[in-house]
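These are my notebook entries on a structure that I am reading for the first time. I record below what I looked up, entry by entry.

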Amino acid sequence: MKGRVNGSYENIIVMGKSGAGKQPRVDALTRKFGMKQLSTGNIFRHYLGLFEALGPRGPLDRFRDETDGAFLPDDEIQHALGISDRADADDVTLGLKAAYFVNQGRFVPDEITNALFAAAFEAMDYRGAVLDGFPRTEEQARFLKTLADRNGARLDAILWVENEDEAIIARALGRRICETCGGVYHMEHRPPPEPGGCDEMAPDCRIVQRGDDTVESLKARLREFKEKTEPAIDYLAALGIPIHRVSGNLPDYGAEAVEASVFAAMGVE
Ligand SMILES: [Zn+2]
């Protein structure tokens, strides 16, 4: 596939398993093309934050009828929250809908994830995004295609950061973080200076393993990628969006080596 000249990308989708090494590749793209990372994690944090900034609002189940699986109309929600006259009332309402599922630890339905993504993408005028974590299902991919078409925006390329399950699990199981200062370590590649201590060596620093870095939860995420996300990639590929595959497991983790591999894969000078 012939590469585009620099700067002519409207939107790029970065795909890869959880823990495959997407972030350094996303960074390479945003730096090179002056684009902005649009990640589902950040989108959720943004809208949840808008809702949480209202302060305690009591139980959220009064805003949703579980028997027909629908929220109250937005204007009723906004009236009940006392935010009807706010310019960002719709965004706060999205935050409430996300909070409803996230606070119960429930799976967030595509319909809600799509709505949050659409609002964030609209705020960028549907251009200049490096999509990260979206789409994660075929339904989300179809939604993205429709949204882009309706707004005359292009989905120019997919960068698929590839990594073997075994490498991802080994890397994740060795990862340690400091609860206090956020320092990141790896038992093999960057061990903490002494057991239980971190570089900062503050008295209350404590090195721990992240709660979701267990073999079981890692395998569940890898399975979900195969079952849910690979069909999304197949769907996008069938639309003719070029897929550029790049290894997420370069021996040299330096930014220059990562950039070189990404742009070689994309055929960009
Ligand atoms: Zn520390």
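I begin with pairing: two strands pair if DSSP finds at least two bridges between them. Helices (H or I, at least four residues) and strands (E, at least two) are DSSP runs, numbered from the N terminus.

I note that this is a predicted model, in which local features need pLDDT of at least 70, side-chain atom pairs count only at pLDDT 80 or more, and totals for chains, interfaces and linings use all residues. Residues are numbered from 1 along each chain as its sequence is written, and side-chain values use heavy atoms, with hydrogens and water left out.

Which residues coordinate the zinc ion? I found Cys178, Cys181, Cys198 and Cys205, each through SG, at 2.2 to 2.3 Å. Donors are N, O and S atoms within 2.8 Å of the metal (3.2 Å for Na, K and Ca); water is not among the atoms, so sites may look incomplete. In sequence the donor residues follow the spacing C-x2-C-x16-C-x6-C. Cys178 lies in strand 7 (residues 175-178) and Cys205 in the loop between strand 8 (184-186) and strand 9 (207-208), 27 residues apart, so that the pair links distant parts of the chain. Cys178 counts as buried because its relative accessibility is 2%; Cys205 counts as buried at 12%.

I read the strand order as 8-7-9, an open sheet of 3 strands with antiparallel pairing. Strand 8 and strand 9 stand at the edges with a single partner strand each, so one side of each has no neighbour in the sheet. Strand 7 and strand 9 are joined by 2 bridges, and Cys178 has Ile207 of strand 9 as its bridge partner.

Terms used:
Buried means under 20% relative accessible area, exposed over 50%, partly exposed in between (1.4 Å probe, protein chains only).
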